[in-house]
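Here is a short report on helix packing and a pocket. Have the sequence and the 3D view at hand.

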Amino acid sequence: MNKLLIVVDYQNDFVNGSLGFAGAQALEEAICEKIQAYQKAGDDVVCTLDTHGEDYSETQEGRKLPIPHCLRGTQGWQLYGKIAALLKDCRKFEKPVFGSAELFDFLRQTPYSSIELCGLVSNICVVSNAVLARTAQPEAEIVVDAACTASNDPALNEAVLQVLAGLQVTVLHHGS
């Protein structure tokens with residue numbers, strides 16, 4: 001069985017757009033290297049796209065986070081930087097909420113020995129999809145590389161990495 005890399009929501013609005021934050025852009029090179037390593041090994045790479053419509057302000061999320069972002073078809077919705085080219089031909093899962101139901105269904109049908117997640121935002125969409133991956137494939141090793149995810153709140157980022165470890169997700173810490 002091969003391995004899967006899921007690049008979560010590495011979109012313009014989360015990097016340098018309406019919900020962008022200082023640490024997000026710094027992840028680009030590490031995520032690019034990870035994508036290239038998976039592609040070179042012949043392993044699978046997919047991505048998720050946070051995707052909202054013009055009715056965003058009327059949704060549950062829009063009422064709790066009243067900052068329009070990742071509106072389908074806008075520049076903010078597009079994948080960021082060099083990652084856009086690397087993921088041009090990969091399977092994409094658009095999702096209106098934090099976790100992707102389509103990704104869950106895909107994982108239920110496609111066994112992997114290892115499923116690694118990277119991208120944004122660690123304490124919202126990355127953790128949500130890691131839990132879905134764990135649920136879909138209880139025997140696969142689920143991995144999150146701390147160098148390839150971040151949050152606008154560094155304390156929440158550290159806390160979610162601890163929560164992920166508690167959920168039996170392998171959290172990679174480089175140099176520790």
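At what angle do the axes of helix α6 and helix α7 cross? The model is predicted. In it, the axes of α6 (residues 122-136) and α7 (residues 154-166) cross at roughly 15° and come within 10 Å. Angles under 35 degrees count as roughly parallel, so α6 is roughly parallel to α7. The crossing of α6 past α7 is right-handed.

On the α6 side, the contact is made by S122, N123, V127 and A130. They meet L156, N157, V160 and L164 in α7. This contact holds 5 nonpolar and 3 polar residues, with no charged ones.

Helix α6 also packs against helix α5 (residues 101-109). Here the axes lie 9 Å apart, at an angle of about 30°. These two helices are therefore roughly parallel to each other. Again, α5 passes α6 in a right-handed crossing. L103, F104, L107 and R108 of α5 meet N129, L132, A133, T135 and A136 of α6. That contact divides into 6 nonpolar, 2 polar and 1 charged residues.

| Helix pair | Angle | Axis distance |
|---|---|---|
| α6 and α7 | roughly 15° | within 10 Å |
| α5 and α6 | about 30° | 9 Å |

Now the largest pocket. How much space lies in it? The largest pocket holds about 240 Å³. Its lining has 13 residues, and F14, L19, L65, V121 and I124 lie nearest the centre. Helix α6 gives the largest share of this lining, 3 residues. By type, the lining of the largest pocket comprises 8 nonpolar, 3 polar and 2 charged residues.

Notes: Residues are numbered from 1 along each chain as its sequence is written. This is a predicted model: local features need pLDDT of at least 70, side-chain atom pairs count only at pLDDT 80 or more; totals for chains, interfaces and linings use all residues. Side-chain values use heavy atoms; hydrogens and water are left out. Axes are lines fitted to C-alpha atoms, for helices over the stretch in contact, and angles run from 0 to 180 degrees between N-to-C directions. Helices (H or I, at least four residues) and strands (E, at least two) are DSSP runs, numbered from the N terminus. Angles under 35 degrees count as roughly parallel, over 145 as roughly antiparallel, 65 to 115 as roughly perpendicular and the rest as oblique. A crossing is left-handed if the near helix is turned anticlockwise from the far one by less than a right angle, and right-handed if clockwise. Contact means heavy atoms within 4.5 Å. Ala, Val, Leu, Ile, Met, Phe, Trp, Tyr, Cys and Pro count as nonpolar, Asp, Glu, Lys and Arg as charged, and the others, Gly among them, as polar. On a 1 Å grid over the protein atoms alone, a cavity is a set of points where a 1.4 Å probe fits but cannot get out, and a pocket is an open set with protein on both sides within 12 Å along at least five of seven lines; lining residues have an atom within 4 Å of a point. Grid points are joined across faces, edges and corners, and a volume is the space filled by probe spheres set on the points.
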